[in-house]
Amino acid sequence: MSVPPVLPSDSVGAAGHVQQTAERISREMQKAIVGQHELIEMLIVALLTGGHVLLEGVPGTAKTLAIRTLACILNVSFARIQFTPDLMPSDILGTNVFDPRSGQFNLKKGPIFAGLVLADEINRTPPKTQSALLEAMEERRVTIDGVSYELPFPFLVCATQNPIEFEGTYPLPEAQLDRFMLMVKIGYPSLEEEEEILARVLEGFRAQDLKTANITPILTAEELRQLRAEVERVRVEPAVRRYVVQVARATRDNRHTLLGASPRAVITLLTVARALAAIRGRDFATPDDVKDAAFPVLRHRLIVRPESELEGFTADRVLEAALQAVEVPR
């Protein structure tokens, strides 16, 4: 079935335009992904805001499949980097190779030059290699032998990590974690969803071959630029802005945290709330948008005290307490 073309923003309104496109992306994602609605929504948010995503879940929960599907929908180049202890920064960025015929060095680009990069099991490589992603994720460029190279548009890094196996892993440092706009925790599907997965397999769907899902590319780079501009026009009233700040400050004042949300995290929380509002068809953000954005935006930016971790406290519990402590504006 063919998908109708994207309508210009002046025919449906800015918020309606973003909502319409987000729904189309979601429908295409659901051709390959069963359930995982938060994952799909957050990937769309990252796309609309230019952020990067860290996915945490046990193997076999469609993390890689979701990223490959998104690359097909965007019709952009895709590169998967399997992070291992012996991976070097040059394996990610690329290196200059001497050509004896021309007598010159030519750049052999690494996988970081793809439009959508999957950093698989990113915590299995040492910090030196992890840090090779820092400039690319923040500046959208890389420096090789003193020369800077621009990365394509769009450029999106989606990293995965396994929350169970910690032997031989290297926890991401705070500077690296902060480069990820969102951290999404992925759980097991429900009984009905798992039955649907089996039904699709019996009908011929193969995760290794996305052609079996009939994914349709629906976005161009220029359309994405337009959508991002429309998200930036979402209004945020002073009361909602204050609510964003109060939630962030409540994470700093919590006795179970060593490190609360930074000012950059506050900006990110506001950005994601605006994107959620646009996806939901509104040109203004609400406190509910802020609440829904709080967990994926802030959970990986908080450091819980070791003694509190022993008592069972997690970043999500701190966030729950922060949201309960702050009065919601009317």
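Which residues does Lys63 touch, not counting residues up to four places away in sequence? The points below begin with that residue; the model under discussion is predicted.

1. Lys63 touches Leu55, Gly57, Val58, Thr160 and Ile186, with residues up to four places away in sequence left out of the count. Lys63 has its place in helix α4. Its relative accessibility is 9%, and Lys63 therefore counts as buried, the cut-off being under 20%. Between the C-alpha atoms of Lys63 and Arg241 the separation is 33 Å, and the two residues are 178 residues apart along the chain.

2. Ala62 lies in the loop between β1 (53-57) and α4, and its phi is near 75°, a positive value in a residue other than glycine. With a relative accessible area of 23%, Ala62 is partly exposed. Asn75 belongs to the loop between α4 and β2 (78-82). Asn75 likewise has a positive phi, near 55°, and is not a glycine. The relative accessible area of Asn75 is 59%, so this residue is exposed, the cut-off being over 50%.

3. The packing of α4 can be described next. The axes of helix α3 (residues 37-49) and helix α4 (residues 63-74) come within 11 Å and cross at roughly 45°. On the α3 side the contact involves Leu39, Leu43 and Leu47, which meet Ala66, Ile67, Leu70 and Leu74 in α4.

4. Helix α11 (residues 238-253) has 16 residues, which at 1.5 Å a residue should span 22 Å; the end C-alpha atoms are 22 Å apart, so the two values agree. Where do the buried residues of α11 fall, seen down its axis? They lie within an arc of 155°, and so line one face of the helix. The buried residues are Val240, Tyr243, Val244, Val247, Ala248, Ala250 and Thr251. Arg242 and Asp253, on the other side of α11, are exposed. The elements against which the buried residues of α11 pack are β10 (257-259), α12 (263-279), α13 (287-298) and α15 (315-325).

5. The axes of α11 and α13 are 10 Å apart and the packing angle is about 25°. Since that angle is under 35 degrees, α11 and α13 are roughly parallel to each other. The contact is made by Val240, Tyr243 and Val244 of α11 together with Pro287, Val290 and Lys291 of α13. The crossing of this pair is right-handed.

6. Helix α9 (residues 191-202) has 12 residues. From first C-alpha to last, α9 reaches 17 Å, close to the 16 Å expected at 1.5 Å a residue. Gly204 follows α9 and has a positive phi, near 115°.

7. A last backbone detail concerns a proline. The peptide bond that joins Phe153 and Pro154 is cis, with omega about -5°. Pro154 is found in the loop between β7 (147-150) and β8 (156-161).

Terms used
Residues are numbered from 1 along each chain as its sequence is written. This is a predicted model: local features need pLDDT of at least 70, side-chain atom pairs count only at pLDDT 80 or more; totals for chains, interfaces and linings use all residues. Side-chain values use heavy atoms; hydrogens and water are left out. Helices (H or I, at least four residues) and strands (E, at least two) are DSSP runs, numbered from the N terminus. The expected span of a helix is 1.5 Å times one less than its number of residues. Buried means under 20% relative accessible area, exposed over 50%, partly exposed in between (1.4 Å probe, protein chains only). The arc is that of the directions from the helix axis to the C-beta atoms. Contact means heavy atoms within 4.5 Å. Axes are lines fitted to C-alpha atoms, for helices over the stretch in contact, and angles run from 0 to 180 degrees between N-to-C directions. Angles under 35 degrees count as roughly parallel, over 145 as roughly antiparallel, 65 to 115 as roughly perpendicular and the rest as oblique. A crossing is left-handed if the near helix is turned anticlockwise from the far one by less than a right angle, and right-handed if clockwise.
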